[in-house]
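Work through the following exercises with the sequence and the model at hand, trying each task before reading its solution.

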Amino acid sequence: LKGNYDLAIISFQNYIEQYPNSSAVPEAIYWIGQSHYNQEAYPEAISFFERIESNYPAHDKVPNALLKGAFSYIELSQPDRAKELLSRLIERFPQSNEAYRARDTLSTLSQ
């Protein structure tokens, strides 16, 4: 929250190492991805957002991770990859707030 993303990344990584079986690990992974995203380190952000979906497919953070992954691909000028994630988000979580944002973003990308 204070913009010290490097410290946040280290802290969340330490948490994951110390408590690998904690139910909060997906949240920590998400926030590492978000910290990379805020630093405009989009490839790194994508790798953490993808870990949430692949390792914790039923977690509450999956819709947000898909959306932020798509935004990362947009920043990397890879709209086709972004469209894939947005479509998957809409398909898997059609009533989520993130799906509504995904629909808006998808319509913008399709223009």
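Predicted model: local features only at pLDDT ≥ 70, side-chain atom pairs only at ≥ 80, totals over all residues.

Residues are numbered from 1 along each chain as its sequence is written, and side-chain values use heavy atoms, with hydrogens and water left out.

**Exercise 1.** Find in which helix confidence is lowest and in which it is highest.

Solution. Begin with pLDDT, the predictor's confidence in each residue, from 0 to 100; the protein averages 95, and 99% of the residues score at least 70. Then turn to the helices (DSSP runs of H or I, at least four residues, numbered from the N terminus): confidence is lowest in α6 (residues 97–109), with a mean of 95, and highest in α4 (residues 62–75), at 98.

**Exercise 2.** Determine how α1 and α2 are oriented to each other.

Solution. Take lines fitted to C-alpha atoms over the stretch in contact, with angles from 0 to 180 degrees between N-to-C directions; for α1 (residues 5–18) and α2 (residues 25–38) the angle is about 160°, and the axes lie 9 Å apart. Therefore α1 is roughly antiparallel to α2, a term for angles over 145 degrees.

**Exercise 3.** Identify the salt-bridge partner of E53 and locate both residues.

Solution. Apply the rule (a side-chain nitrogen of Lys or Arg within 4 Å of a carboxyl oxygen of Asp or Glu), which gives a count of three salt bridges. E53 pairs with R88, their closest N and O atoms being 2.9 Å apart. Finally, E53 lies in α3 (residues 42–55) and R88 in α5 (residues 79–92), 35 residues apart, so that the pair links distant parts of the chain.

Terms used: Helix = DSSP H or I, 4+ residues; strand = E, 2+ residues; numbered from the N terminus. Parallel < 35°, antiparallel > 145°, perpendicular 65-115°, else oblique.
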